2 protein chains.
Amino acid sequence: MSPSLLSCALNPQSVAIIGASDNIHKIGGRPIHYMQRHGFAGRIYPINPQRETIQGLPSYASLAALPEVPELALVVVAGDTAAAAVEDCAARGVQAAVVIASGFGETGPEGAAVQRQMVATARAAGMRLFGPNTQGLANFGTGAIAGFSTMFIEVPPQDGPVGIVSQSGGMSAMAYGLLRGRGLGVRHVHATGNEADVTVGELAWAVAHDPDVRLLLLYLENIAQPELLAATAAYARERDLPIIAVKAGRTAGGQKAASSHTGSLANEDRTVDAFFRHHGIWRVRDPHAQALAAEAYLKGWRPAGRRLVVISNSGASCVMGADAADDVGLPLAALAPATQAAVAAKLPGFATTTNPIDITAALLSNSGLFGDVLPAVAQDPAADLFFINIPVAGAGYDVDAFARDTAAFEAATGKPVAVAAWQDSVAAPFRAQGIATYANEAQALGVLAQLADHTALMRKPRAPALPPVKVALPAGPAGFMNEVDSLALLARHGVPTVPLRLVSSAQQAREAFAAIGAPAVAKACSPDIPHKSEHGLVALNLQSADEAAECFDRFWHKMGTLGAARDGVVIAAMRRGRHEFMVGARHDPVFGPVVVVGDGGKNVEALQDCAVLLPPFSTQDVHDALRTLRIAPLLAGVRGDPPLDVTALAHVAVAVGAVMAGANGAIASMDLNPVLVGAVGEGAVVVDALVERSTHLDADHMQRAHAHPA
Amino acid sequence: MSPSLLSCALNPQSVAIIGASDNIHKIGGRPIHYMQRHGFAGRIYPINPQRETIQGLPSYASLAALPEVPELALVVVAGDTAAAAVEDCAARGVQAAVVIASGFGETGPEGAAVQRQMVATARAAGMRLFGPNTQGLANFGTGAIAGFSTMFIEVPPQDGPVGIVSQSGGMSAMAYGLLRGRGLGVRHVHATGNEADVTVGELAWAVAHDPDVRLLLLYLENIAQPELLAATAAYARERDLPIIAVKAGRTAGGQKAASSHTGSLANEDRTVDAFFRHHGIWRVRDPHAQALAAEAYLKGWRPAGRRLVVISNSGASCVMGADAADDVGLPLAALAPATQAAVAAKLPGFATTTNPIDITAALLSNSGLFGDVLPAVAQDPAADLFFINIPVAGAGYDVDAFARDTAAFEAATGKPVAVAAWQDSVAAPFRAQGIATYANEAQALGVLAQLADHTALMRKPRAPALPPVKVALPAGPAGFMNEVDSLALLARHGVPTVPLRLVSSAQQAREAFAAIGAPAVAKACSPDIPHKSEHGLVALNLQSADEAAECFDRFWHKMGTLGAARDGVVIAAMRRGRHEFMVGARHDPVFGPVVVVGDGGKNVEALQDCAVLLPPFSTQDVHDALRTLRIAPLLAGVRGDPPLDVTALAHVAVAVGAVMAGANGAIASMDLNPVLVGAVGEGAVVVDALVERSTHLDADHMQRAHAHPA
């Protein structure tokens, strides 16, 4: 993959339209119309054996009849004819084909087979394939528009710094329309449809290499090639290109709907979240949120912090602004005494000069107050972000002056300044001054918080690549390894585990107890019994060799009764931590190794208080993840308890990530629970663990994981 | 309080403007202008000694010069002159005065003293006072506009079914403007400012009695008279009048800002939430959310359930719709086979006929599909709510026909139908058909969910009033009672508590152990040591009288070392539950008794997993509250455990509510933790409790609590 590989698609010198129409309202007519209208400088070849000319251009009977082999072919015909056209394109050396027609992979096995054949044909010929079931491609930088969206009629295009890459044509059109509605220019509007060959990840890689693109918006229903998207994100971070993604199918209902839309597989949503976070991609709910935030990014604002100053001409809006700031976690900046004094000198006595700053309704009788106050706060070193909330203005207010003063203020601070004004008559003069203006405080502060948090995420140091860890799984069948083998595997890779012995007689149990000492624990050991305590097969606080022997006999008998394989009985040291955590991991078929850290113990599945990390990650990343847990307040110690040894827990999680990565798919899952964590300095110890061997190595994933782009 | 008491303010026959101006842009000129313009049929008396006429009306030198005593006086003058005008009004028998000027209670002790004097003067004369620091009152049903908002110029008024009552003038104007911008008519726009006398609660009571009002919107920064608001809410539920409230100062930052805005006291926000829920008032974040939801309420929709049908012409929008439905907790309805067959008969083969229904882009070539599909789903009995998501339309689509078909569909179902269409050109025809049309799926589904949930909340049976419980607190000083007295108080009121004895010698400890049996617990008993375990003053699992005696000696000595009052040592039965809960209560200075139920144990303060209830509440209310806890998944039993005896816990909470209500403020707080709850049938038992006597009885609250409106 290289950006140039796709340049035939995004910036072709010649385009054939197979199934061209003279009617500009038809799917076969619109792309020709768009290319002629938006200044495409290359050659356009309508193909339609029924006509002599189409939209003023000569029409050709077939690809064979063209004066040259086109770089790009847009296949507008449907069904079997589309499949035949793809074969023809491949045979003649077309570099890329865009297949519009639906009715392939998304309809079921039969359509999927035809789609697979299309891809095979294309790959054999070295041709790239877009779609099928796509709205096509559009590059307003060159006028190369191999797509049919009606939105380009609804809202006139204007070239600009935004690129949109989307699985869905509808969502790409919507993002385009929303951005244009906000007066922002858009360069790229591309849809990938069923992604039989080219995915959002690969197309995003190409668009990210357009040096004029300064903001990249993605819409995905399925992350099919995470490694390509990861490479795109890494390159984008390097050149300070923010990526804002919508990943639909977040919920069970949405995933079901997605699978019947494009035949996508479901991605586990918390893993998707972790993937985006890992790669510095900001995830939002819908194209509205993408468009809402775009202007602030395009201003080039990259705030150094998140301390906010709120200014309003309404006391109530100061309150609402403070509430909304808290909702998105923006702290109010503590203004310097000098700033407060300067503000106080400008405002009436009953105004508030702490943050929020209430200019009061005195603004109604003195419109100059606005311009007086802003310079006083512009240079306060505590401020990272500014928010001006104007709930009421209009008749009696010099709104034009407010807007001019705000523009001067923005220029003076060089920091983000957002305005909330819901009245069109108030918002318009601010927008005319190029000020980022929103309908309400929730929107304005949401954007400021996103900008600050996304900037921090993009600039966060990445954990170094993992050193290669060679994981030697003991021989055995697919499925769960027993506890002893599981813990031994972890111990071999540096994870602290509880001292234990596996015994197979009462006498051995006595000896083990003597070696390990009181208090000890006895646990049945069988790969068939993952949840031992539910069967009464765990005994705590053994104080004597007799008790150990008694437990052995009892457990051995019970395992027999249950018909379970009897690997023996574990005699282990009994450890107490201050809190039980869990560390889990699984090999995801799409994302590869996925590690989970969270609250441990019996109720892990029921309470789901956990965070997801993708290797490689650092202990600092684990600290950050733990801070998102509901039990986070316990980490620092409560009611006189000392802080927990979170760093020791983080080392366990990092080691588990390294083992999962080194196992290269051979380990399906790991479950370390509980991981007992003591006070700082006391460390962490894994008391119980289950490692699951994969039923088969996911060769396809392993191959893709190594196919990083150059 | 009665609605008629305020009619002089909302519907006066005569209005004097003290400080009248001929300039319609000045605060003293605008009300006169508004009243003349909006058809006020009563008498308007401008008072300004400097002029002969004002805006075509005779101007008077003083109140004394008027031909009659006006029912309402609008005081536009400032400072001391305003205070003098209030005195004059009171002396002459004016029924209500609206004081616009700022600079009173919100500025500090001095202004507050002047404000208190104003109220005293008014009360002595039987005159009601609005403000000070208020934007005033406006009734567009009668044209009685004793307010100066510029918003009535920005957006022309139209009488309608919405009433707005707000502390803040700015927020009332904003709600008014947003509603009018959506084409909705507004009857009442009233602001209460500093609420020296009349509060939002009392004004809302009056507005709720206007039979033309079908939706009531409130904005509060402080709930000063919850009993009046509660009475309003009860009356509103009776006549099916929904109330949607914004309570600003939700967060610490917002509360701080609010106190410098109107001098309000902070309300604890979870208690505010509980108060609104208790009284069937729906709380939203801001006036935007109020205006957004208004149309759906005014349609008269009161959905019987929350099962949703999603319909779109875009597969991606089906996915987004399903995600957004999940976000707001709306389940997708399972369509009947007959419905699916009927839909399938109308749509192309590749369309999805399960819910969400994907009409597909085939709509582009056949605009009739829309009208074909809707009737097929209109009568499905599983559907409570319908959502039509149109992300792309315009050129090539017959949007007018879609809008007509949707209107016919809405009429046929009689159920809520919401449309999302962000393109103005698409939304406009739908709006023209009177269809509730939103910018995106999050807004549309948010409104549908709110409507369904608020309807259920309004119709939920209320717990009957508590039977009078006479609570006799044992004599003692303010502050914490010891554990034994605390548990005894609870036991006297039917709360199951652990069997225990208070002992004051080692011999008594032996006797107590003999009576109670093993296993037992020993705990130091001192009102000075609320957190015993932090001092090592709890011993568990005592198996012998010797151990009990040893603990007594040790604890007695330790209490002496700590210098704590030694009430004795508790020997109690040791009980084990399946889960530790907590039940807490406090006497809130504004809301009276407040009960908290939640996860118990040591980390209660740190983890804050609890729900707030206001008495009277039923065991069913406690069940509902417990379902909102993060530990809710544990209630039904996890990994083979039986379900917990939640009903027994609910009875404890109800009893605590009754005791708090019966104590009438004499109990400041109670803390029952842990409350051990067993499996269903095993009951609940309070193992530890602390009751705190009030330092003073809140006589003012108790008086107000009985001052319910007639």
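Is B:Asp327 buried, exposed or partly exposed? With a relative accessibility of 36%, B:Asp327 counts as partly exposed, where buried means under 20% relative accessible area, exposed over 50%, and partly exposed in between (1.4 Å probe, protein chains only). This is a predicted model, so local features need pLDDT of at least 70 and side-chain atom pairs count only at pLDDT 80 or more, while totals for chains, interfaces and linings use all residues. Residues are numbered from 1 along each chain as its sequence is written, chains are lettered from A and ligands numbered from 1 in the order in which they are written, and side-chain values use heavy atoms, with hydrogens and water left out.

**Where chains A and B meet**

- Let's start with contacts (heavy atoms within 4.5 Å): 74 residues of chain A touch 74 residues of chain B.
- Together the two chains bury about 5,800 Å², with 62% of that on carbon and sulfur atoms; buried area is the accessible area (1.4 Å probe) that two parts lose on being put together, summed over both.
- Between chain A and chain B, 14 residue pairs are in polar contact (both at pLDDT 80 or more). A polar contact is a pair of N or O atoms within 3.5 Å; within protein, one must be able to donate a hydrogen and the other to accept it, and residues adjacent in sequence count only if both atoms are side-chain atoms.
- On the side of chain A that touches chain B, the elements giving two or more residues include helix H9 (252-262), helix H12 (315-327) and helix H17 (441-459) of chain A. H12(A) provides the largest share of that side, 11 residues.
- Helices (H or I, at least four residues) and strands (E, at least two) are DSSP runs, numbered from the N terminus.

**Salt bridges between the chains**

- Side chains of opposite charge can pair when their charged atoms come close. The rule here asks for a side-chain nitrogen of Lys or Arg within 4 Å of a carboxyl oxygen of Asp or Glu.
- That rule gives 61 salt bridges over all chains, and eight across the interface of chain A and chain B.
- A:Arg250 pairs with B:Asp327, with the closest N and O atoms 2.7 Å apart. This pair runs from the loop between strand S13 (243-247) and H9 of chain A to helix H12 (residues 315-327) of chain B.
- B:Arg250 has a salt bridge with A:Asp327 (2.7 Å, N to O).
- B:Arg250 also pairs with A:Asp323, at 4.0 Å between the closest N and O atoms. B:Arg250 sits in the loop between strand S13 (243-247) and helix H9 (252-262) of chain B and A:Asp323 in helix H12 of chain A, so this pair joins two chains.
- A:Asp323 is buried, at 1% relative accessible area.

**A salt bridge inside chain B**

- B:Glu483 and B:Lys532 form a salt bridge, with their closest N and O atoms 3.1 Å apart.
- B:Glu483 lies in helix H18 (residues 483-492) and B:Lys532 in the loop between strands S22 (520-525) and S23 (538-542) of chain B, so the pair ties together parts 49 residues apart in sequence.
- B:Glu483 is buried at 3% relative accessible area, and B:Lys532 is buried at 7%.

**A buried loop residue in chain A**

- A:Ile223 lies in the loop between strand S12 (215-220) and helix H8 (226-238) of chain A, and counts as buried at 1% relative accessibility.
- Not counting residues up to four places away in sequence, A:Ile223 touches several residues, among them A:Lys247, A:Phe275 and A:Phe591.
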